Amino acid sequence: MPELRTHDDEILFQRIGEILGQPGPVPADMEIAALPVDSFALVELVIELQEMYGVRFGHDEMRALRTVGDLARLIHERAGRDD
Amino acid sequence: MTTARPAPTSLAPATSSAGDSQRWLLSFYRISELSGALFFGRLARAQRPGPVHSDLTRHFADEAQHARYWTDCLEELGEKPQPLGAAYQDQYLAATGLPANLMEVLAITSVFEQRVMRQYARHLTVPDQHPLVTQTLRKIMEDERWHVKWVRDELIAMEPEYGRDHIAATLRRMTEADEAVYAATLAEHSDRVNFLFDEGSRRA
């Protein structure tokens, strides 16, 4: 996985926090399964991030994600490949 | 990655009256339509403007209207909506896993909408049914036909991006999940409708 770009990460984690109704950015090591939201909010999060960054994830990639940081890395990897 | 809420509390139809079963069913439909509205509303909010965004918004508005129809129907029948723990959409997301992209969301929606159509069509054939329930079912089924069509058309339009075989495989995966959810958590719906059939036949 490529190194994350700090500024992009700030925006991304801030946006994830906003979508999830959190007061601030979500920590990168936070487990996605432990986020205090229901399944519908997670679907909204995934779709909105893909729209925002113009990327597409596959089912297997999604299943492999454990933390918010994993999600950020996947977005950066995919956005970099698609650029 | 999904969070599942507890399944609806089960009441044994054998000890229920027809009124109890009807109230449970209409409340079940109501909460399902409400959950659908919230789901499609969130998706519409997350989407960029375009044809899919417009259809999602219309779908969201329809589902909200359907929830209103069921609320009105219950009220006109002199009933209050029964609190239920979860809608079947919650069970779907738990069974299928979090959708990875919009195509997967639409594949779940396609399978789910067809399930709803079959459930409503079956309910429509209950003998000696209150005309208000029949009227509400018919009104909603008109919209549901459009829901099934737009989602099917959109999945066809996505074939160049995702691949026809991949979409077909996703639909098969969602159909298997639908059958598992129906067998495990939605059997009560079937029991309730069967109970109404038995009661209606006795009265006829």
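Analyst: In this predicted model, A:Arg73 is partly exposed, with a relative accessible area of 33%. A:Arg73 forms a salt bridge with A:Asp70, and the closest N and O atoms of the pair are 3.2 Å apart. A:Asp70 also counts as partly exposed, at 22% relative accessibility; the limit for buried is under 20%. Both residues belong to helix α4 of chain A (residues 68–82), where three residues, about one turn of the helix, separate them.

A:Glu18 is partly exposed at a relative accessible area of 45%, and A:Arg15 is partly exposed at 24%. This pair is part of a network of salt bridges that links A:Arg15, A:Glu18 and A:Glu48.

As for the rest of chain A, the chain has four helices and zero strands. Of its 83 residues, 48% count as buried. Helix α2(A), residues 39–53, is mostly covered, with 13 of its 15 residues buried. From first to last C-alpha, α2(A) reaches 21 Å, close to the 21 Å expected at 1.5 Å a residue. Just after this helix, A:Gly54 takes a positive phi of about 60°. Among contacts in chain A between residues at least 6 apart in sequence, 61% join residues at least 24 apart.

B:Glu104 and B:Arg173 form a salt bridge whose closest N and O atoms are 3.1 Å apart. B:Glu104 lies in α4(B) and B:Arg173 in α7(B), residues 164–185, so the bridge ties together parts that are 69 residues apart in sequence. B:Glu104 is buried, with a relative accessible area of 1%, whereas B:Arg173 is partly exposed at 25%.

In the loop between α4 and α5 (131–157) of chain B lies B:Asp128, which has a positive phi of about 55° although it is not a glycine.

Other bridges cross between the chains. Over all chains the count is 15 salt bridges, and between chain B and chain A it is three. One of them joins B:Arg42 to A:Glu44, with the closest N and O atoms 3.8 Å apart. On the side of chain B that touches chain A, the elements giving two or more residues are α1 (18–46), α3 (88–96), α4 and α6 (159–162) of chain B. The largest share, six residues, comes from α1(B). By class, this side of chain B has eleven nonpolar, seven polar and eight charged residues. In total, 26 residues of chain B contact 24 residues of chain A. The area buried between the chains is about 2,300 Å², and carbon and sulfur atoms give 59% of this area.

Definitions and conventions
Residues are numbered from 1 along each chain as its sequence is written. Chains are lettered from A and ligands numbered from 1 in the order in which they are written. This is a predicted model: local features need pLDDT of at least 70, side-chain atom pairs count only at pLDDT 80 or more; totals for chains, interfaces and linings use all residues. Side-chain values use heavy atoms; hydrogens and water are left out. Contact means heavy atoms within 4.5 Å. Buried area is the accessible area (1.4 Å probe) that two parts lose on being put together, summed over both. A salt bridge is a side-chain nitrogen of Lys or Arg within 4 Å of a carboxyl oxygen of Asp or Glu. Ala, Val, Leu, Ile, Met, Phe, Trp, Tyr, Cys and Pro count as nonpolar, Asp, Glu, Lys and Arg as charged, and the others, Gly among them, as polar. Buried means under 20% relative accessible area, exposed over 50%, partly exposed in between (1.4 Å probe, protein chains only). The expected span of a helix is 1.5 Å times one less than its number of residues.
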